[in-house]
Amino acid sequence: MDPSDHASGTEPFRLIAPDGTAVGETGVGLDPEQLRELLRQMIRARRLDRECMALQRQGQLTVYPPFEGQEAAQVGSAFALGPEDWAFPTFRELAAAIVRGVDPVQYLWYHRGTWHGGPYDPRATRFGPICVPVATQICHAVGVAMGLAMDGVDACALAYFGDGSASEGDFHEGANLAAVYGAPAILFCQNNGWAISVPTRQQTVGEIWKRAEGFGMPGVRVDGNDVLAVYRVTREAAERARSGGGPTLIEALTYRVGPHTTADDASRYRDDEEVERWRTFDPIERYRTWLMASGHADEAFVSGCEEEAAAWVGEIRGDVIATEPPPTEWLFDWTYADPPALLQRQREEALGG
Ligand SMILES: Cc1ncc(C[n+]2csc(CCOP(=O)(O)OP(=O)(O)O)c2C)c(N)n1
Ligand SMILES: [Mg+2]
């Protein structure tokens, strides 16, 4: 691997090698149906991600940040959380969102511009609002984790963030606070090599997972394209958090094969060769190979997943396009229990009443 690569340095924890062969204890406590479900969710996620790119190009979404290549990191981690646990996403966690049960049509209202910031109810699935200001959601997750502990709730809160976000003050403040208070938090960094056009090696000299020691919490580097390994380290972190063992920092090494967003031309700052090399570490292909070789799935199962995903995405597409703009009064309805006079006046003006 190129020494300047964001995945150089410490070998990550891995259970399945890029060629699909087992290199560790793959018995992670999931039954065959759950093992198949991991593949099904990754296939659905990729199909939906590609459809979102197409919807944006067709003018149906305003802007969209694709996650292709990061399916294992998102599906494996979200799958490891229990129903009472919380997850706080960035703007690139649609795969994690669907695993948590967020309605993808409601999620995509954000990218359609029909409504702002988190149109789904975050409490229903314990999945926080889409968060564009990078790293702020880390503090939200740590705050919620501290609240869960104070309320005596047997649950944890996971914050998703990227390699670039790990340079923000919010990361350091959130991580330190979580460690000092022993908060049941998981700081889950998807190191995908880039923060828009800035490579990871220009963000940090050391390895992100190693910062855990300085904060005083366990840290782990995992192969983010190995869904079983991601599942296992996240589940361990969640169990530790819920049993009073405090926070964990996880660095999942992965790669975004697409552009930063549909507003970005990645060919201006990175080589095609790098993308092609990472395509050979494809998370879905790796897991499919292992799952079939281990006898837990066959061709019929895989093609069934693909057909089901195509039909599911077709419905989402129709529902997204059919979405009417929400009523104007909603703009004024959700901030104040008792709206101040100025807002009342604006509401009357906007509604023409
Ligand atoms: C506070 C803040 N600063 C800058 C930006 C512009 N911005 C959007 S995404 C991004 C890079 C994020 O990189 P990373 O954390 O690695 O996440 P990735 O996009 O790779 O998933 C930046 C700088 C922002 N949204 N918020
Ligand atoms: Mg990044």
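**Cysteines and helix packing**

Colleague: Which cysteine holds the sulfur closest to that of C131?
Modeller: The two sulfurs are 9.8 Å apart, so the gap is too far for a bond. C131 itself is buried, at a relative accessible area of 8% (buried is under 20%, exposed over 50%, partly exposed in between, with a 1.4 Å probe on protein chains only). The partner sulfur belongs to C139.

Colleague: What kind of model is this?
Modeller: Residues are numbered from 1 along each chain as its sequence is written, chains are lettered from A and ligands numbered from 1 in written order, and side-chain values use heavy atoms, without hydrogens and water. Local features need pLDDT of at least 70, side-chain atom pairs count only at pLDDT 80 or more, and totals for chains, interfaces and linings use all residues, for this is a predicted model.

Colleague: How far is the sulfur of C52 from the closest cysteine sulfur?
Modeller: C52 is buried, with 0% relative accessible area. The closest cysteine sulfur is in C305. It is too far for a bond, because the distance is 19 Å.

Colleague: Is Q56 buried or exposed?
Modeller: Q56 sits in helix α1, residues 32–57 (helices are DSSP runs of H or I, at least four residues, numbered from the N terminus). It touches L61, T62, V63, Y64 and T262, leaving aside residues up to four places away in sequence (contact is heavy atoms within 4.5 Å). Its relative accessibility is 14%, so Q56 counts as buried.

Colleague: How are α1 and α2 oriented to each other?
Modeller: Their axes lie 10 Å apart at an angle of about 135° (lines fitted to C-alpha atoms over the stretch in contact, with angles from 0 to 180 degrees between N-to-C directions). Under 35 degrees is roughly parallel, over 145 roughly antiparallel, 65 to 115 roughly perpendicular, the rest oblique. Therefore α1 and α2 are oblique.

Colleague: How many charged residues are in the contact of α4 with α12?
Modeller: P104, V105, L108 and R112 in α4 meet W312, I316, D319, V320 and I321 in α12. Seven of these residues are nonpolar and none is polar. Asp, Glu, Lys and Arg count as charged, and the charged number here is two.

Definitions and conventions. Helices (H or I, at least four residues) and strands (E, at least two) are DSSP runs, numbered from the N terminus. A disulfide is a pair of cysteine sulfur atoms within 2.5 Å.
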